[in-house]
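Subject: Structure for you, with notes

Hello,

Here is the structure I promised. Please open it beside this email; my notes follow below.

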Amino acid sequence: QVQLVESGGGLVQPGGSLRVSCAASGSIRIIVLMAWYRQAPGKERELVASITSNGNINSEDSMKERFTISRDNAKNTVYLQMNSLKPEDTAVYYCNAILSERGCATFRTYWGQGTQVTVSS
């Protein structure tokens, strides 16, 4: 069974930085894409950034100057470095992966449980 486990969330002051991580584990054949989404209270979940297995990145325009996604394929781990954080960045950050399990030809989407990021003084 595949699991995505996020870590690194917490409380940070405005203007501060935080890095969240997400590790995929289990019977994984290949991960074609990993991504970060976020959901603020009362709002819909939105894409922050995604990265493919060969390093192609797609980032939301409103966040690309402050947030950087990266990936360690050997560790099946994706990172999100967040700088110059603002109170409006407060949200639950979710990891997402599109992958195929060993012995399977099809691809499925998996989600992590989410990690809370709170930006407040």
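Arg 66 counts as buried, at 14% relative accessibility. (Buried means under 20% relative accessible area, exposed over 50% and partly exposed in between, with a 1.4 Å probe and protein chains only.) This is a predicted model: local features need pLDDT of at least 70, side-chain atom pairs count only at pLDDT 80 or more, and totals for chains, interfaces and linings use all residues. Residues are numbered from 1 along each chain as its sequence is written, and side-chain values use heavy atoms, with hydrogens and water left out.

Salt bridges

Arg 66 forms a salt bridge with Asp 89. Their closest N and O atoms are 2.7 Å apart. (A salt bridge is a side-chain nitrogen of Lys or Arg within 4 Å of a carboxyl oxygen of Asp or Glu.) The pair links distant parts of the chain, 23 residues apart. Arg 66 is in the loop between strand 6 (57-59) and strand 7 (67-72), and Asp 89 in the loop between strand 8 and strand 9. (Strands are DSSP runs of E, at least two residues, numbered from the N terminus.)

Asp 89 is buried too, with a relative accessible area of 0%. Asp 89 also forms a salt bridge with Arg 38, with the closest N and O atoms 2.9 Å apart. Arg 38 sits in strand 4 (residues 28-39), so this pair ties together parts that are 51 residues apart in sequence.

Arg 38 is buried, at 9%. Its other partner here is Glu 46, with a closest N to O distance of 2.7 Å. Glu 46 is partly exposed, at 34% relative accessibility.

Put together, Arg 38, Glu 46, Arg 66 and Asp 89 are linked in a network of salt bridges. The structure holds four salt bridges.

Nonpolar core

Which residues touch the most other members of the largest nonpolar core? They are Trp 36, Val 48, Phe 67, Val 78, Leu 80, Met 82 and Tyr 93, out of 30 residues. (A nonpolar core is a set of buried Ala, Val, Leu, Ile, Met, Phe, Trp, Tyr and Cys residues joined through side-chain atoms within 4.5 Å.) Strand 9 gives the most to this core, with five residues.

Best wishes

Technical notes: Helices (H or I, at least four residues) and strands (E, at least two) are DSSP runs, numbered from the N terminus.
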